[in-house]
Every structure is written in structure tokens, then in C-alpha cells.
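Here is a short report for a reader new to this structure. Take a look at the model first, then read on.

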Amino acid sequence: MKHAVIPVALFVVLAVFLGIGLQRDPRHVPSPLIGKPAPAFALPNLADAQRVVRSQEWAGRPYVLNVWASWCAACRDEHPVLLAFAQQGVAPVYGLNYKDERPQALAWLQAHGDPYAASLFDAAGRLGIDLGVYGVPETFVVDRQGRIRFKHVGPLTPQVVREHIVPLIQVLNKEGT
Amino acid sequence: MSSPPPDALDVRVQLLAAELRCLVCQNQSIADSNAPLAVDLRAQIRELLQAGRSEADVRRFMTERYGDFILYRPPLDARTSVLWLGPGLMAAGGLLGLWALLRRRARLADDAFDPDTVLGSEAGAPDTSDMSDVPAARAHEGKALG
């Protein structure tokens, strides 16, 4: 019987690794930008094409940046969560309208509600590339020094907002004081 | 009308794009994928190369934004050493174990492989190499059944 020990032990080790691995999302790509400065930008405002918004304007307090598009079905799913969060007034919510058309984007906000203090119009998706965007919607939390501290890929849920975003912003608000 | 032959820049873009994983369709490279992000990243690669950046610069640009996962060949460092060396080490370990087992079995007396003895026991069965142990075995069986 004792010669069974080694194969059984190896099997248990393998089973543990497989068990852990199978519970992870294979499509999830961790961001290398956590802790790094958010990329600088100068992009037109979605609502006002003449107005250029620069990254320095948002520095000084923690904010949430949500990447969205009118063609993105999942963005519609998360929109109520975003509206409710913006209502809480915990932090400003900015939008990054990604690879979209201005009329469609504006119509979408009109139809579903606009939680954003301002939305950037990133027609070519270049800021998206700099942020490592690969799956819209994506949501970032940026601290007062302009560093990315959290990224969520996929639609926001009340749980993510409650368990990750709100507590993080509370911590970030205290930082540097 | 056929398209013009690919120029040197096109070739460099294709070679680099083939080394990068498409994060949208994760089983395709950026060279093969038609996902909008792949199209954008091919254009980005072209732009970087045209500006005089090297292949290494482009890889760094991509990993800075998307992480090491975007490279099909991850760098060899402390974190990925298990990935790179693991299979080889496990294969070597398995072969070593097999060799040790075979050596141990080669040293056993021939009758250790008699089904009525415990396999692998160093003491082995009482050494009888004639047929006189057959009735004993049968008797043993009889006891077990009766």
C-alpha cells in the first residue's frame, strides 16, 4: 500500500493547482499600470468639440474614469450602476468615449442618462491604447497625483463599487493630508 | 488590379504583430486577428517603426500598457522561471524516478516477481526456484477461500 503514497501525493498537488487555476478567469489580463501615472492627454470634450481637455485639469483629487461607447452593449448594463455612483458624489466620474461617433455618443447619453462631469472624445482610441484598454467598458480609479490605483474590466456591478471603488476613494482622499 | 508587394516596413510590422497576442481574441496574434484593437495596434506598430523606433522599443511600448501577457514569448525572470523551466525539470525528475525504480527492481532476486510475493520488498520470497512452492501457493489460496 505504501507505494501508493507518492503517486497520490503528486495527484493531490496537481489537483490543488488545477482547482486554483480553474477558478480564475483566463481572459482576465492584469494591468501593468496600477501604481503608475495615468497617461497624459489633450482630447476634445465630447459635448463641445472646440474645448480641449488636458490631463492636468483633473489633477488634485481622486477621480473615476469610465471607458464607454454607444456601440457597447455591456456599457448599457452597467450604466445604472454608474449613474447611482455619480449621484453619491464620492468622486467625480469622467467618461472616455472610445472609438465612437459624436452624434451617436451624444444621443446615447441623452437616452440613458449622463453620469459624467465631462466626457473625452477619443475617436482614434489612442488614449485607450495608452490606458491598455482591451475590453470596453473599463473603469479606472486615479489618485490626486494622477496615478492609476485600480482598474476594472467589464461592466461595473454594485458589488465592485461597494467593495473596491468607494473604500479606495476614501483612502485616496485621506492620502497626502 | 493586384496590391503592391509588401515593403520592408510592412514585413517588420507583420513580424512584430505575429509575436503579440490579440487580447480580444486571445487565441490569435495581432497579425492574424481582425478585432478592432488588433487593427489599431498594427497601425500603432507601423507608426512607431516609421518614427525610427526599434523592435525592442515596440515590445516595451506594448508591455508597458498591456503587460507581459501580450508577448507570446514572455521574458525569463524570477516570476516566469517556473513556466520556462518547470516542464523540463518535471520531465527530468520523472526520468530520474523511473531510473531509480528500475535500478531497484534490477537488484531484486528473480523470484521477487513471482505474483505470490510482495513486489518491491527487498527481502523477497523464501528462495525456492523449483516447483515445490506451487502446492504451497495453492494451499495458501485454499486457506483464503475456505
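How do the residues of the lining of the largest pocket divide into nonpolar, polar and charged? Twelve are nonpolar, four are polar and four are charged. Keep in mind that this is a predicted model.

## The largest pocket

The largest pocket holds about 730 Å³ of space. It is lined by 20 residues. Those closest to its centre are A:R24, A:H28, A:P30, B:F69 and B:R79.

Which helix gives the largest share of this lining? Helix α1 of chain A, residues 5–22, does, with five residues.

## The nonpolar core

The largest nonpolar core has 72 residues. Four have the most contacts inside it: A:F85, A:I165, B:I45 and B:I70. Helix α5 of chain A, residues 158–174, gives the largest share of this core, seven residues. In soluble globular proteins, nonpolar side chains tend to be buried together.

Take B:I70 from that group. Leaving out residues up to four places away in sequence, B:I70 touches B:E19, B:L20, B:R21, B:L23, B:I30, B:L41, B:M62 and B:T63.

## Helix α3 of chain A

Helix α3 of chain A spans residues 102–112. Here A:A105, A:W108 and A:L109 are buried.

What covers the buried residues of α3(A)? The cover includes three elements of chain A: β3 (63–68), α2 (73–88) and β4 (93–98). Just after α3(A) comes A:G113, with a positive phi of about 100°.

## A:F121 in strand β5

A:F121 sits in strand β5 of chain A, residues 118–122. Is A:F121 buried or exposed? Its relative accessible area is 12%. Buried means under 20%, so A:F121 counts as buried.

Which residues is A:F121 in contact with, leaving aside its neighbours within four places in sequence? They are A:L43, A:P44, A:N45, A:L46, A:N97, A:D100, A:E101 and A:R102.

A:Q159 is 38 residues from A:F121 along the chain. The C-alpha atoms of these two residues are separated by 29 Å.

Methods: Residues are numbered from 1 along each chain as its sequence is written. Chains are lettered from A and ligands numbered from 1 in the order in which they are written. This is a predicted model: local features need pLDDT of at least 70, side-chain atom pairs count only at pLDDT 80 or more; totals for chains, interfaces and linings use all residues. Side-chain values use heavy atoms; hydrogens and water are left out. A nonpolar core is a set of buried Ala, Val, Leu, Ile, Met, Phe, Trp, Tyr and Cys residues joined through side-chain atoms within 4.5 Å. Buried means under 20% relative accessible area, exposed over 50%, partly exposed in between (1.4 Å probe, protein chains only). Helices (H or I, at least four residues) and strands (E, at least two) are DSSP runs, numbered from the N terminus. Contact means heavy atoms within 4.5 Å. On a 1 Å grid over the protein atoms alone, a cavity is a set of points where a 1.4 Å probe fits but cannot get out, and a pocket is an open set with protein on both sides within 12 Å along at least five of seven lines; lining residues have an atom within 4 Å of a point. Grid points are joined across faces, edges and corners, and a volume is the space filled by probe spheres set on the points. Ala, Val, Leu, Ile, Met, Phe, Trp, Tyr, Cys and Pro count as nonpolar, Asp, Glu, Lys and Arg as charged, and the others, Gly among them, as polar.
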